[in-house]
Amino acid sequence: MNDAGGGTPVAAFDGVTIRYGATIAAREVTLKVAPGCVYALLGRNGAGKSSLVRCLLGQQKPTGGRARLFGEDAWSCRARAMTRVGVVPEEPDVPPEITPSEAVAFSARLVPRFDAAEVRCRLTRFGVPEAVPVGRLSKGQKGQLGLALALGHRPELLVLDDPTLGLDVVARKELYEELVGELADRGTTVFMTTHDLAGVEAIVQQVGVLVGGCLVVDEEIEALKARFRRLRFAAAAVPADGAAADELSALGALGIVRAGWGAETVATRFDDAAYVRLCERTGAVGPEVSGMSLEEIFIAVHGGGKEVRR
């Protein structure tokens, strides 16, 4: 990624490798999160997302490379840097026996610049009861409490580790609306991991995709969606094997899926000129080109590359 926002990256990984014995959780991951950016790191379970988050937060030292916060090594400057970071972990870390009101009071004593009144306003807006023990709150209410506490000191960077996991559709919507409001009001930088691709598509600016611990995608979402296209051909104009190989290769086609109605492929490097040449070579009449959602692109990145017949 380029530093679209200018200045020192708020968060970065410089060739980070993470090993657990013989298992490699992350392999030479390099990425930068510019000020004001919303960066979504995507990957299947076990792809290395949470390990990278722990390194970024200074909770784990990488086997190789460096994670950086505000230009400094995250492992060595953790105590200083974390005063500027808000964190919403995958699993709520507020003790189940205390109430939200007690959690707010405790955080106000512990965290510099913590605005308890503002946090209580968020909880009221979310409808989170302040006098009920956290262990009795719903999954959505626990997530809303975690977000309110994480934003209590107005952090420059908000780190979200799969924050909507297990939330119902209403709770997810409220969480994203709060994030959008926070971004608009303060320009907070966000680094998040998530499985909710449909939910983040409207707010994310930069996307990274991990496959087996390797970062295979790292670019702005609009550029990513511009180069991925689904191409469909009627049965009478299916590209013959070898007949349009150069054009398919130029388009970065992930193999051909064939069926009785015709065929389709996913172009990973869509280009108008290459597409026109493909149509000319195959004699295609009225072929269809359609955009792809972030979820569809994610699936194609993981499952593309082999010809499938059905």
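Reader: How much accessible surface does the protein have, and what share of it belongs to carbon and sulfur atoms?

Author: Accessible areas here come from the Shrake-Rupley method with a 1.4 Å probe, and for residues only the protein chains shown count as cover. The accessible surface of this protein comes to about 14300 Å², with 52% of that belonging to carbon and sulfur atoms. Please keep in mind that this is a predicted model: local features need pLDDT of at least 70, side-chain atom pairs count only at pLDDT 80 or more, and totals for chains, interfaces and linings use all residues. Residues are numbered from 1 along each chain as its sequence is written, and side-chain values use heavy atoms, with hydrogens and water left out.

Reader: Thanks! What share of the residues is buried?

Author: Buried means under 20% relative accessible area, exposed means over 50%, and partly exposed lies in between (1.4 Å probe, protein chains only). Of the 310 residues, 47% count as buried. The C-alpha trace spans about 70 × 40 × 40 Å along its principal axes.

Reader: Which strands form the open sheet of six, and in what order?

Author: A general idea to begin with: strands of a sheet pair through backbone hydrogen bonds, either parallel or antiparallel. Two strands count as paired if DSSP finds at least two bridges between them. Here the order is 6-7-8-3-9-10, and the pairing is mixed. Strand 6 (85–88) and strand 10 (214–220) stand at the edges with a single partner strand each, so one side of each has no neighbour in the sheet. From one strand to the next, the twist averages 15°. Angles run from 0 to 180 degrees between N-to-C directions, and axes are lines fitted to C-alpha atoms, for helices over the stretch in contact.

Reader: Which helices pack on that sheet?

Author: Contact means heavy atoms within 4.5 Å. Helix 5 touches strand 6 and strand 7, and its direction makes about 175° with that of strand 6. Helix 11 (residues 294–303) packs on the sheet too, touching strand 3, strand 9 and strand 10, at about 30° to the direction of strand 9.

Reader: Is strand 8 buried or exposed?

Author: In a regular strand the side chains alternate between the two faces of the sheet. In strand 8 (residues 189–193), five of the five residues are buried, so the strand is largely enclosed by the rest of the structure. Thr189, Phe191 and Thr193 lie on one side, Val190 and Met192 on the other, and all are buried.

Reader: How many bridges join strand 8 to strand 3, and how many join it to strand 7?

Author: Strand 3 (residues 38–43) runs parallel to strand 8 and is joined to it by four bridges; Val38 has Val190 as its bridge partner. Strand 7 (residues 157–161) is also parallel to strand 8, with five bridges, and Leu157 stands opposite Thr189.

Reader: What is Thr189 in contact with?

Author: Thr189 is buried, with a relative accessible area of 3%. Leaving aside neighbours within four places in sequence, its contacts include Val10, Val33, Pro35, Cys37 and Leu158.

Reader: What is the strand order in the open sheet of four?

Author: The order is 2-1-4-5, with antiparallel pairing. Strand 2 (23–33) and strand 5 (72–73) are the edge strands, pairing on one side only. Helix 1 (residues 49–56) packs on this sheet, touching strand 1, strand 2 and strand 4, and its direction makes about 120° with that of strand 1. Six of the eight residues of helix 1 are buried, among them Leu52, Val53 and Leu56.

Reader: Which residues other than glycine have a positive phi?

Author: Phe70 is one of them, with phi near 55°. Phe70 sits in the loop between strand 4 and strand 5 and is buried, at 16% relative accessible area. Arg154 also has a positive phi, about 50°; Arg154 lies in the loop between helix 5 (139–150) and strand 7 and counts as partly exposed, at 46% relative accessibility.

Conventions: Helix = DSSP H or I, 4+ residues; strand = E, 2+ residues; numbered from the N terminus.
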